[in-house]
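Subject: Structure handover and findings

Hello,

Here is the structure for you to take over. Please open it before reading on.

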Amino acid sequence: MDVAQGVVPFGEYRTWYRMTGTPGAGRPVVVVVHGGPGSTHHYLSNLAELARSGWPVLHYDQLGNGGSTRLPDKGADFWTPELFAAELDNLLHSLGVTDDYVLFGHSWGGLLGARHAAGRPAGLRGLVVADSPASYPLWRQEMAVLRAALPPGVDETLRRHEEAGTTSSHEYYKAVRVFYDRHVCRVVPWPRDYRASYLEMSEDPTVYSVMNGPSEFHVVGTLKDWSVVDCLPDIDVPALVVTGRYDEATPATAQPYADLIPDVRWEVFEESSHVPNLEEPERFLAVLLEFLQDLA
């Protein structure tokens, strides 16, 4: 497979990208929008396998992490959904794929993708919303439910550190892993690609800590009240919603996508939590290919 990578200017900054396969050969480019915010493309690397079936795949690292410009001194007024929406638009135009593409958004990236799709860009052919809540108020509501079901003492430990502001402690991290191993990635030890993104985010947690907070289930950052529910009826392309049976993105968080997007299907991965592309990779790629082929 042909692989090309580089950076595109984004104002005074730069966005790193990698294209697998050859765009313009008759099939839309699958644009992969990773989660976080503040993660990297690594944990979604295996989506490049779609190129073997003729679907070019574009990965990129969002501003602030990975191969893109790091800005550890920027504050909450800089890191906004609008910034990342503008970065996505800039990437699509810079690489000339605006006429024929499919968006794949995972977790936070799914909300970003939905907001983009609601603008009805002419070249968008389809949307995949993978393991994404439709709103952070819904997410926070469901995190309370999942936390309450953790083994005895775990949530108590988490809350003690959250209230004391000691979420960087080893004891907090150990309690966090109990949640993560249940609801984020159930493959133990974590796959290499997942570890790579996790370590990148740990190395520079600026974006994640400002917009999300100290953990997946303690959302106290600027996204805590953000939602895309209002724009979902405006999406006019076929959409695939994906969740895992044990996903932190519970059915309640994803239900608005199923209820409000006019042309939508919902696939649940029975052996997965938040990263079914790593937990059930063969079936995941098969489901994606079926959706893509139906767009043709």
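Below are the findings, by region.

The model is predicted. Please keep that in mind throughout.

**Helix α8 and what covers it**

Start with helix α8, residues 251–260. Its buried residues are Thr253, Ala254, Pro256 and Tyr257. These four sit on the same side of α8, because they cover an arc of only 130 degrees around the axis. What lies over them? The cover includes three strands, β6 (124–130), β7 (239–244) and β8 (264–269). It also includes the helices α2 (108–118) and α3 (136–148).

**Threonine 243**

Strand β7 holds threonine 243. Is this residue buried or exposed? Threonine 243 has a relative accessible area of 3%, so it is buried. Leaving aside residues up to four places away in sequence, its contacts are Asp131, Ala249, Ala254, Trp266, Glu267, Val268 and Phe269. One of these, Ala254, is also among the buried residues of α8.

**The cavity**

How many cavities of 30 Å³ or more does the whole structure have? The search finds one. The volume of the largest cavity is about 50 Å³. Its lining consists of Gly36, Ser107, Trp108, Pro133, Tyr136, Trp139, Asn212 and Glu216. Sorted by class, that lining has four nonpolar, three polar and one charged residues.

**Salt bridges**

Side chains of opposite charge can pair when their charged atoms come close. Across the whole structure, the search finds 19 salt bridges.

- Arginine 147 and aspartate 155: their side chains form a salt bridge, at 2.7 Å from N to O. Arginine 147 has a relative accessible area of 3%, so it is buried. Aspartate 155 is at 15% relative accessibility and therefore counts as buried. The cut-off for buried is under 20%.

- Arginine 245 and glutamate 270: the closest N and O atoms of this salt bridge are 2.5 Å apart. The pair links distant parts of the chain, 25 residues apart. Arginine 245 is in the loop between β7 and α8, and glutamate 270 is in the loop between β8 and α9 (276–279). Arginine 245 is partly exposed at 44% relative accessibility. Glutamate 270 is partly exposed too, with a relative accessible area of 38%.

- Arginine 265 and aspartate 294: here the closest N and O atoms of the salt bridge are 3.2 Å apart. This pair also links distant parts of the chain, 29 residues apart. Arginine 265 is in strand β8, while aspartate 294 is in helix α10 (residues 281–295). Arginine 265 counts as partly exposed at 35% relative accessibility. Aspartate 294 is partly exposed, with a relative accessible area of 49%.

- The network: salt bridges link Arg70, Glu200, Glu203 and Asp204.

**Aspartate 230**

Where is aspartate 230? It lies in the loop between α7 (206–211) and β7. At 57% relative accessibility, aspartate 230 counts as exposed. The cut-off for exposed is over 50%. Aspartate 230 and arginine 115 are 115 residues apart along the chain. Their C-alpha atoms are separated by 9.5 Å.

Best regards

Key
Residues are numbered from 1 along each chain as its sequence is written. This is a predicted model: local features need pLDDT of at least 70, side-chain atom pairs count only at pLDDT 80 or more; totals for chains, interfaces and linings use all residues. Side-chain values use heavy atoms; hydrogens and water are left out. Buried means under 20% relative accessible area, exposed over 50%, partly exposed in between (1.4 Å probe, protein chains only). Helices (H or I, at least four residues) and strands (E, at least two) are DSSP runs, numbered from the N terminus. The arc is that of the directions from the helix axis to the C-beta atoms. Contact means heavy atoms within 4.5 Å. On a 1 Å grid over the protein atoms alone, a cavity is a set of points where a 1.4 Å probe fits but cannot get out, and a pocket is an open set with protein on both sides within 12 Å along at least five of seven lines; lining residues have an atom within 4 Å of a point. Grid points are joined across faces, edges and corners, and a volume is the space filled by probe spheres set on the points. Ala, Val, Leu, Ile, Met, Phe, Trp, Tyr, Cys and Pro count as nonpolar, Asp, Glu, Lys and Arg as charged, and the others, Gly among them, as polar. A salt bridge is a side-chain nitrogen of Lys or Arg within 4 Å of a carboxyl oxygen of Asp or Glu.
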